[in-house]
Amino acid sequence: MVPKHPVPNHVPMEVLLERVPEVLLPFCLGRYGLFQKQLTLLEEAEGGFDQFTRSYESFGAHRLSDNSMLFREWAPAAEAVFLTGDFNGWDKFSHPYKKKQFGKWELQLPPKEDNSPAVAHNSKLKVVVHTKGGERLYRISPWATYVTKPSTSVIYDWIFWDPPHPYVRKHPRPRKPCSLRIYEAHVGIASPECKVASYSNFTHNVLPRIKDLGYNCIQLMAIMEHAYYASFGYQVTSFFSASSRYGTPEELKELIDVAHSLGIMVLLDVVHSHASKNTEDGLNHFDGSDSCFFHGGARGEHPVWDSRLFNYSSWEVLRFLLSNLRWWIDEYGFDGFRFDGVTSMLYHHHGVGSGFSGNYAEYFGLHVDEDSLVYLMLANHILHMLYQDCITIAEDVSGMPTLCRPVQEGGCGFDYRLAMAIPDKWIQALKGGSIIITHTTNVPCALVGDKTLAFWLMDKDMYTNMSALIPMNPVIDRGVQLHKMIRLLTHGLGGEGYLNFMGNEFGHPEWLDFPRVGNSESYHYARRQFNLVDTDHLRYWQLYVFDRDMNRTEAKYGWLAAAPAYVSTKHEGDKVIIFERGDVVFVFNFHPTNSYSSYRVAVGTPGKKQCECECVCVCVCVCV
């Protein structure tokens with residue numbers, strides 16, 4: 001068999017030596033060898049990774065062109081499998097699956113006498129699994145594309161989604177931008193009202209704001225269905241289902257399509273690092289065994305998150321996860337992914353109780369989970385081969401070397417790494433630390449969780465002193481200026497991309513907390529108060545305009561796509577920071593009382609400079 005996609009060789013050794021430290025060379029070559037072996041197996045056994053990663057077309061429930069139905073599951077530990085639901089009056093035994101090779105089960109249903117499909121759109125279904133121990137389990141297909149929770153139940157229902165008029169995309173995908181400016185958002189909290197907001201609300205009320213602010217990419221959180229809303233979307237129960245609490249799959253497709261019409265890419269916050277422990281509406285114990293999609297025993301349990309851990313060495317788990325990535329791109333139009341929990345995936349210790357100082361011994365050795373490492377290499381290789389403009393971001397706090405190097409160099413192949421340390425350092429500084437100037441080639445993360453950045457700076461004064469109709473008190477004056485400076489310093493120096501969490505652009509007050517037992521199921525803090533920025537006499541509008549102008553200035557001069565900044569001044573006494581990046585000179589004065597005139601600034605690029613910023617404590621100069 002001739003592979004559809006030839007397995008690539010690693011880059012020539014002389015080139016590799018130029019790009020990879022010699023001490024890491026054996027590890028990179030070893031990792032690439034494991035990746036190459038797995039990719040070769042996919043090509044030989046499945047007719048190429050293109051077919052393998054489109055398994056969502058045959059697993060789960062499908063109406064075929066002649067209106068017959070195909071149902072297929074992987075349940076290796078099952079003794080027997082049946083299908084039940086609205087279509088057969090919930091008969092538990094009338095429709096058995098046939099056992100196939102390698103733990104697969106299959107059921108085919110002909111059309112009804114009127115040639116309509118046996119299972120209608122919006123019908124409820126269940127997989128009935130009989131275990132070798134004599135149990136009868138009622139399960140949702142792992143490949144279910146739509147699940148809903150009745151108001152009278154805590155368990156989700158599997159709904160066969162086959163609308164007569166599916167949404168048809170109208171707009172092409174935007175091209176990958178040189179400078180990545182990401183607006184991280186959660187659909188459910190994207191409203192001032194104390195409720196779960198909708199996809200349609202986001203499309204009509206939030207997308208125009210994001211466009212106006214100058215962001216060219218959205219990262220959507222909590223889209224993969226999760227039974228527990230307060231998990232922030234990180235305890236996924238149905239991996240192929242867009243969360244029904246915000247609306248229908250067609251409404252999410254419209255959201256993404258409209259974003260594309262505005263020139264905005266959309267990334268999915270994908271959770272392949274672990275899964276919810278739910279059994280009746282999750283993957284856990286799907287076939288009655290402790291393993292199936294996960295490692296058995298202690299290795300299959302996360303020690304902190306109380307969740308299950310995937311077995312990345314399993315052929316069918318690779319099929320499931322890699323097909324899941326393609327599903328979100330092909331079916332919904334997503335443009336890439338932010339991979340959650342990569343640190344947990346990379347190490348057998350999952351980063352728990354382990355510090356990372358940068359010593360190579362912390363990143364290479366038996367404590368590294370090579371199965372998950374190879375999975376990430378496969379995922380990045382396949383995504384970038386099939387989708388030229390696909391963007392992948394790793395949420396890794398360990399600083400794994402080569403994470404964003406190409407797979408052919410023995411790297412994981414990510415485009416960006418989320419720089420989680422930057423917001424942590426800002427919070428430390430606000431608690432009484434100092435500003436540490438570094439450069440990281442990453443996407444800086446917004447300050448999410450705990451109090452918002454603005455609330456750390458201004459706290460309770462935000463409740464009474466944000467009106468422009470009254471004199472500005474010192475707390476608000478200093479807080480507003482620092483909020484602007486922190487964002488611009490991070491934007492200019494933090495990395496090769498910028499990420500903002502929704503609301504931070506206008507100094508959202510208070511904090512974020514989802515409804516749960518501990519707060520009497522309140523939605524008060526699970527919302528974004530856009531009404532504050534829409535009220536003209538409140539100073540939130542000033543913070544919003546600064547964010548907009550900051551992004552527009554970056555779009556004009558492109559410092560995020562420029563080489564790393566050169567920091568020419570870090571003056572502790574004057575509290576002044578000066579750096580140059582992409583023909584732009586940034587001058588920051590953090591001193592609480594002193595201002596300076598005729599301050600001497602060293603520049604690497606000769607020529608006249610023109611100020612582009614109106615903030616009293618910040619000067620952004622560009623060559624003219």
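**Close-up views of a predicted model**

**View A. Surroundings of Phe202.** Apart from neighbours within four places in sequence, Phe202 makes contact (heavy atoms within 4.5 Å) with Ala185, Val187, Ala190, Leu207, Ile210, Ile218, Leu220 and Leu255. The model is predicted: local features require pLDDT of at least 70 and side-chain atom pairs pLDDT 80 or more, whereas totals for chains, interfaces and linings use all residues. Residues are numbered from 1 along each chain as its sequence is written, and side-chain values use heavy atoms, without hydrogens and water.

**View B. The largest nonpolar core.** A nonpolar core is a set of buried Ala, Val, Leu, Ile, Met, Phe, Trp, Tyr and Cys residues joined through side-chain atoms within 4.5 Å; buried means under 20% relative accessible area with a 1.4 Å probe, protein chains only. The largest core holds 162 residues, of which Phe202, Leu220, Ile223, Trp328, Phe339 and Tyr375 touch the most other members.

View D. Of the 624 residues of the chain, 57% count as buried. Among contacts between residues at least 6 apart in sequence, 70% join residues at least 24 apart. The C-alpha trace spans about 85 × 60 × 45 Å along its principal axes.

Note on methods. Buried < 20%, exposed > 50% of the residue type's maximum accessible area, 1.4 Å probe, protein only.
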